[in-house]
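User: I am new to reading protein models, and I would like to learn how to go from the overall plan to the details. Could you take me through one example step by step?

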Amino acid sequence: MLGRVVVGALLVAVLVVGGTAFRVWQVARADDRRPVDIVVVLGAAQYHGKPSDVLAARLEQALELYQDGLTEYVVTVGGRLPGDAYTEAEASKNWLSDNGVPADRIVDVDVGSDTLGSMAAVAQLSQQRGWRSALIVSDPWHSLRARTMANDLGLQSWASPARSGPVVQTREVQFRYIVRETGALLYYRLTHASAELTGDGLG
């Protein structure tokens, strides 16, 4: 009897983990772009105000969405590490402004050291401004967790992942991020807390 319980528990665990990994992969392959109140660019590393390759890929995606007329506002998020002169949100805002987005159409939310903290700040700002819908721009593998957090916080959200950058270059890197995001999403669903995978914008 005990053996059957153990086998059953293991089977359920495999199905849950496998199903979650499939959803991470499935959402990563989709682009649910549509008209929304805001496009939210999740933060990643910046160096002296210059976006990293990961962040630059996200900003290029957000710029395309804005230029396609899908939103009137772009929200950039992300705080700063000790010693940084710029926040991730500020570096992102400057990049977008330099590439043609009017400064009054970019709102920088320079708080949050992980995805959950950033999305909570965006959700609060959205309530204040009457924004109800968002396209979340991040890396493909990060999209499901970020979208899930935003929806849980009351902001109706879809994902429009960046299709370039270091995290999509090789199958080995993609597999590593799928495994990582599967664990992080399961942790979030169990605890409603961040896995705090900081340093690359996947916190």
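Predicted model: local features only at pLDDT ≥ 70, side-chain atom pairs only at ≥ 80, totals over all residues.

User: Let us begin with the overall plan: how many helices and strands does the chain have, and how do they run from the N terminus on?

Analyst: The chain has 6 helices and 7 strands, and from the N terminus on the elements run α-β-β-β-α-β-α-β-α-β-α-β-α. Buried residues make up 48% of the 203 residues in the chain. If you take the contacts with a separation of 6 or more, 71% of them are between residues 24 or more positions apart.

User: How should I describe two helices that pack together, and what is the case for H2 and H3?

Analyst: The general idea is that two packed helices are described by the angle between their axes and the distance between the axes. Here the axes of H2 and H3 cross at roughly 50° and come within 10 Å, which makes H2 oblique to H3. H2 passes H3 in a right-handed crossing, and the contact is made by Leu55, Leu59, Glu60 and Leu63 of H2 together with Glu88, Ser92, Trp95 and Leu96 of H3. Sorted by class, the contact of H2 with H3 has 5 nonpolar, 1 polar and 2 charged residues.

User: At what angle do H5 and H6 pack, and which residues meet there?

Analyst: Helix H5, residues 143–152, packs with H6 at an angle of about 20°, and their axes are 10 Å apart. Because angles under 35 degrees count as roughly parallel, H5 and H6 are roughly parallel to each other. H5 passes H6 in a left-handed crossing. On the H5 side the residues are Leu144, Arg145, Thr148, Met149 and Asp152, and these meet Glu181, Ala184, Leu185, Tyr188 and Arg189 in H6; by class, the residues of this contact divide into 5 nonpolar, 1 polar and 4 charged.

User: Which residues have the most contacts inside the largest nonpolar core, and which elements supply it?

Analyst: The largest nonpolar core has 20 residues, and Val39 and Leu96 are those with the most contacts inside it. Strand S1 (38–41), helix H2 (53–67), helix H3 (88–98) and strand S6 (133–137) each supply at least two residues of this core, with the largest share, 7 residues, coming from H2. Leaving aside its neighbours within four places in sequence, Val39 is in contact with Ala62, Leu65, Thr71, Tyr73, Val74, Val75, Leu135 and Val137. Apart from this core lies another one, of 17 residues, among them Val40, Leu42, Met119 and Ile136.

User: What is phi in His48, and is His48 buried or exposed?

Analyst: Phi of His48 is near 55°, a positive value in a residue other than glycine. His48 lies in the loop between strand S2 (46–47) and strand S3 (50–51), and His48 is exposed, with a relative accessible area of 77%. His192, in the segment after H6, has a positive phi of about 55° although it is not a glycine, and His192 is exposed, with a relative accessible area of 51%.

User: Finally, where is Gly165, and is Gly165 buried or exposed?

Analyst: Gly165 is in the loop between strand S7 (156–159) and helix H6 (171–191). Since buried means under 20% relative accessible area, Gly165 with 17% is buried. Gly165 and Leu55 are 110 residues apart in sequence, and their C-alpha atoms are 8.3 Å apart in space.

Technical notes
Residues numbered from 1 in each chain as written. Heavy atoms only, no water. Helix = DSSP H or I, 4+ residues; strand = E, 2+ residues; numbered from the N terminus. Buried < 20%, exposed > 50% of the residue type's maximum accessible area, 1.4 Å probe, protein only. Axes fitted to C-alpha atoms, helices over the stretch in contact; angles between N-to-C directions. Parallel < 35°, antiparallel > 145°, perpendicular 65-115°, else oblique. Left-handed = near helix turned anticlockwise from the far one by under 90°. Contact = heavy atoms within 4.5 Å. Nonpolar A, V, L, I, M, F, W, Y, C, P; charged D, E, K, R; others polar. Core = buried A, V, L, I, M, F, W, Y, C linked by side-chain atoms within 4.5 Å.
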